[in-house]
Amino acid sequence: MPRIMHIDMDAYFASLEQMKNPMLQNRPVVVGSSPDQRGVVSTASYEARAFGIRSGMSSAQAGKLCPDAVFIGVDGDHITSTTSALKTIFEFYSPRVEIVSVDEAFVDVTGCTHLWGGEDVLAGHLKRTVKDQLDLTCSVGIAPSKIMAKLASSVFKPDGLTILTPEDIPAMVYPLPVDKLWGVGPVVTKAFNAVGIETIGQLATRNISDLRKRFGKWGEMLGKLARGEGGSEILPPDEQPDEKSVGHERTFSSDVGSLDDLKATLNFLADLVGRRLRRHEFAGRTITLKYRFSNFETHTRRTTLEFPTDDTLRIYSVACALLSHSYKPGRKLRLLGISVSHLSHPTQPHDQLDMFVRGPLAKPAGKIDHLVDTIRDRFGERSIASAYSRMQAR
Amino acid sequence: MYQTLDDPVDVIAVFENHSLKPMRFRWRGKVHKVSRVTGSWKSREGTYVIRHYSLLDTDENFFELAYNERLSQWTISKIWQE
């Protein structure tokens, strides 16, 4: 029977800040945008949570709830470095580690626990190692599937440990509201509630074909997961499926209505997207432009090219054309984004036909892109950029 | 509140347990003795590594120092001011 461990770092970003700066310990700390800027809370320390501050809340609202909170920007370098150290720790316990996000991971401990003398001993050892090496706490859940392990890790926080056997699930999990299940958001909860499914137990005991009829494959899958069936496969990084799209977007600090400013921003975004495509050896055929007006009205426009591209200039030109055709300058935007989908690896057979095409489509990326990539690989991402992208709206 | 800086700084550091550890630094004419390194992490600038240190001096002031391996240069990147 599979045994899956879920590790959730407690108030991760805020804990890192409190760990490195003792002046912040026992104080409400909010990591995210400043309250006088547009943006949201990434993580709040437990002291800040006592004031009702939660992840995803606007920073302005968080500032009103706790005017004395310390607001700190996200330190990406520190987080990335620490997450890498955490992954090394987790891999000591099992080779099958799936990093779900920067602050949580699944570890397949099936067949490993007897080496430690039990699941509680293994989990306790891991928690102590994280504390000793990084001075951080985490909450751990162990269960037969990923969804149950994630639920278990949320039972006792912070610094908790919950172990669920299949026999525990009816008593401990079934009474919980259905929205406690991973993947069940407000819309799905409302749909479930409308047919009398209020708890995980009610979902688990529903006829699977009825769930499929009412909610499609997603409903069927959730029904099975609620019963503890399936959902235990851990995917280490080299077994993860390829990305379906590559995109970047920017929320402006104040709304922008100038076409020049917007095009400069598209130049910047196309550069990020092209760079990421080339780094992962992808090219894509569909380019999508996304823009959001001040009133949150959101539009997407897309076009599909004859051949896949990873060329920054090509992505930029297409995005500009999409913007020019659909957007009337003057009306202010709060967000702009570009994504590229229908991805393939440039070495895949259908792309090899492109070798006979003349002009910019003949190569996956132009000479300038390759030169810029080489410079950035050696000197860093900020070492070179087009002058136009430096004029992007902030 | 943090103040972000990029001030070059003179540092005396030691290699201890296979890692670099700042011991004293001179910033704006004043010598600060490091009482505790509270954190250390790395970032990359292309192929080059930047080593970051959060620390307290003996007066309990908080600093973040960074050592850029490409430039062989120490800087103060952050200070904490109440």
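How far apart are the mean positions of the positive and negative charges of chain A? They sit 7 Å apart, counting 49 positive and 46 negative charges. Before I go on, please keep in mind that this is a predicted model. Every number you'll hear is computed from it.

So, chain A. We're looking at 14 helices and twelve strands, and the C-alpha trace spans about 65 × 50 × 45 Å along its principal axes. There are 394 residues in chain A, and 46% of them count as buried. If you take the contacts between residues at least 6 apart in sequence, 65% of those in chain A join residues at least 24 apart. As for the surface, chain A exposes about 19500 Å², with carbon and sulfur atoms supplying 55% of it.

Let me zoom in on a few spots, starting with α6(A). Eight of its eight residues are buried, so α6(A) is mostly covered, taking buried as under 20% relative accessible area.

The peptide bond from Lys157(A) into Pro158(A) is cis, with omega near -5°. As a reminder, most peptide bonds are trans, and most residues other than glycine have a negative phi.

Phe296(A) isn't a glycine, yet its phi is positive, about 75°. You'll find Phe296(A) in the loop between β10 (283-293) and β11 (298-309). Then there's His342(A), also with a positive phi, near 55°. His342(A) lies in strand β12, residues 333-344. Is His342(A) buried or exposed? Exposed, because its relative accessible area is 53% and the cut-off is over 50%.

Thr189(A) is part of helix α8, residues 186-194, and Thr312(A) is part of helix α12, residues 312-326. Thr189(A) comes out at 12% relative accessibility, so it counts as buried. Thr312(A) is buried too, with a relative accessible area of 12%.

What do they touch? Set aside the neighbours within four places in sequence, and Thr189(A) is in contact with Val178(A), Asp179(A) and Val184(A). With residues up to four places away left out again, Thr312(A) touches Ala270(A), Asp271(A), Gly274(A), Arg275(A), Arg278(A) and Asp369(A). If you want a sense of scale, the C-alpha atoms of Thr312(A) and Gly160(A) are separated by 47 Å, and the two residues are 152 apart along the chain.

One last stop in chain A: Gln240(A), in the loop between α10 (208-226) and β9 (245-256). At 34% relative accessibility, Gln240(A) counts as partly exposed. Beyond its neighbours within four places in sequence, Gln240(A) is in contact with Glu98(A) and Leu235(A). From Gln240(A) to Val318(A) is 30 Å, C-alpha to C-alpha, and 78 residues in sequence.

Okay, over to chain B. A compact globule of 82 residues would have a radius of gyration near 12 Å, and chain B has 12 Å, so the two agree. In chain B, 44% of the 82 residues count as buried. Of its contacts with a separation of 6 or more, 31% are between residues 24 or more positions apart.

Chain B exposes about 4800 Å², and 46% of that comes from carbon and sulfur atoms. On charges, chain B has 12 positive and 11 negative side chains, with the centres of the two sets 4 Å apart.

Finally, how do the two chains meet? The contact takes 21 residues from chain B and 21 residues from chain A. Between them the chains bury about 1600 Å², 56% of it on carbon and sulfur atoms. Which three residues supply more of the area that chain B buries against chain A than any other three? Those are Tyr2(B), Trp41(B) and Trp80(B), which supply 31% of it.

Technical notes
Residues are numbered from 1 along each chain as its sequence is written. Chains are lettered from A and ligands numbered from 1 in the order in which they are written. This is a predicted model: local features need pLDDT of at least 70, side-chain atom pairs count only at pLDDT 80 or more; totals for chains, interfaces and linings use all residues. Side-chain values use heavy atoms; hydrogens and water are left out. The radius of gyration is taken over C-alpha atoms; the globule rule is 2.2 Å times the number of residues to the power 0.38. Buried means under 20% relative accessible area, exposed over 50%, partly exposed in between (1.4 Å probe, protein chains only). Contact means heavy atoms within 4.5 Å. Accessible areas come from the Shrake-Rupley method with a 1.4 Å probe; for residues, only the protein chains shown count as cover. Lys and Arg count as positive and Asp and Glu as negative; His and the chain ends are not counted. The place of a charge is taken as NZ of Lys, CZ of Arg, CG of Asp or CD of Glu. Buried area is the accessible area (1.4 Å probe) that two parts lose on being put together, summed over both. Helices (H or I, at least four residues) and strands (E, at least two) are DSSP runs, numbered from the N terminus.
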